[in-house]
Amino acid sequence: MTQPIVVTGTDTGIGKTVFSAALTQALAATYWKPVQSGLEEETDTQTVKRLTGCAVLPEAYRLQIPASPHYSAEEEGVLIECGSLDLPQVSGPLVMEGAGGVMVPLTRETLYIDLFKTWQSPVVLCARTGLGTINHSLLSIEALRLRGCSLLGIVFIGDEVADTERTIVEYAGVKKLGRFPVLKEITTKTIEAAFSDNFRLEDFCLQDGKGA
């Protein structure tokens with residue numbers, strides 16, 4: 001059985017939802033984002049559904065304020081029960097997307113990375129290619145490994161910056177899964193082509209749950 005895959009990032013707003021959509025589409029997977037903060041605009045779940053037509057699971061928590069989940073929940077009087085965020089049972093592959101970076105707080109006691117450790121599913125780290133990404137990427141990779149998370153590899157998002165990408169991969173000893181380019185138009189067809197042209201599907205079809 002194909003193992004669930006966690007998609008996380010080094011920061012917020014780097015494009016991991018679009019990549020998650022492309023991965024979900026390529027795997028014909030089910031998509032799940034456990035906690036959504038911010039409901040005024042199209043949610044990440046709605047975006048993935050619109051772009052892929054794949055099955056999506058409802059969020060366990062939907063919070064109005066577009067902020068860190070711990071803050072949004074506190075402001076709205078919602079108690080996030082992290083112990084209830086177990087891996088969903090679905091037929092076929094499952095892609096799960098976190099919020100922002102790996103150390104985003106879910107509560108005052110629990111970070112997203114703690115949830116990843118509990119799940120023990122392979123993690124795909126999305127990183128921008130722009131200035132500052134070396135530091136953010138290396139810190140994120142180190143944190144994931146210190147928690148004992150299984151790191152499948154890194155996905156770069158943005159225009160090619162060859163030396164930056166090489167530096168991160170060599171320092172961290174992490175597998176580069178590919179680079180998702182900047183798209184002038186984000187549609188079902190463009191994300192499908194971007195994934196097909198820049199990634200190998202077999203790198204994401206895991207049977208034993210072991211990452212690099």
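Helices H5 and H6 cross with a right-handed sense. Keep in mind that this is a predicted model.

Who touches whom? From H5, the contact takes in Thr133, Ile134, Ser137, Leu138, Ile141 and Arg145. From H6, Thr164, Thr167, Ile168, Tyr171 and Ala172 take part. Sort those residues by class. The contact has 6 nonpolar, 4 polar and 1 charged residues.

Now the geometry. Two packed helices are described by the angle between their axes and the distance between those axes. Here, H5 covers residues 133–146 and H6 covers residues 162–172. Their axes come within 10 Å. The crossing angle is roughly 25°. Angles under 35 degrees count as roughly parallel, so H5 and H6 are roughly parallel to each other.

Next, the cysteines. How many disulfides does the count come to? The count comes to 0. The cut-off for a disulfide is sulfur atoms within 2.5 Å. Take it from the other end. For Cys205, the closest cysteine sulfur is in Cys54, again at 13 Å and too far for a bond.

Then the surroundings of each one. Is Cys54 buried or exposed? Cys54 has a relative accessible area of 12%, so Cys54 is buried. Cys205 has 35% relative accessibility, so Cys205 counts as partly exposed.

To recap: a right-handed crossing of H5 and H6, roughly parallel helices, and 0 disulfides.

How values were computed: Residues are numbered from 1 along each chain as its sequence is written. This is a predicted model: local features need pLDDT of at least 70, side-chain atom pairs count only at pLDDT 80 or more; totals for chains, interfaces and linings use all residues. Side-chain values use heavy atoms; hydrogens and water are left out. Axes are lines fitted to C-alpha atoms, for helices over the stretch in contact, and angles run from 0 to 180 degrees between N-to-C directions. Helices (H or I, at least four residues) and strands (E, at least two) are DSSP runs, numbered from the N terminus. Angles under 35 degrees count as roughly parallel, over 145 as roughly antiparallel, 65 to 115 as roughly perpendicular and the rest as oblique. A crossing is left-handed if the near helix is turned anticlockwise from the far one by less than a right angle, and right-handed if clockwise. Contact means heavy atoms within 4.5 Å. Ala, Val, Leu, Ile, Met, Phe, Trp, Tyr, Cys and Pro count as nonpolar, Asp, Glu, Lys and Arg as charged, and the others, Gly among them, as polar. Buried means under 20% relative accessible area, exposed over 50%, partly exposed in between (1.4 Å probe, protein chains only).
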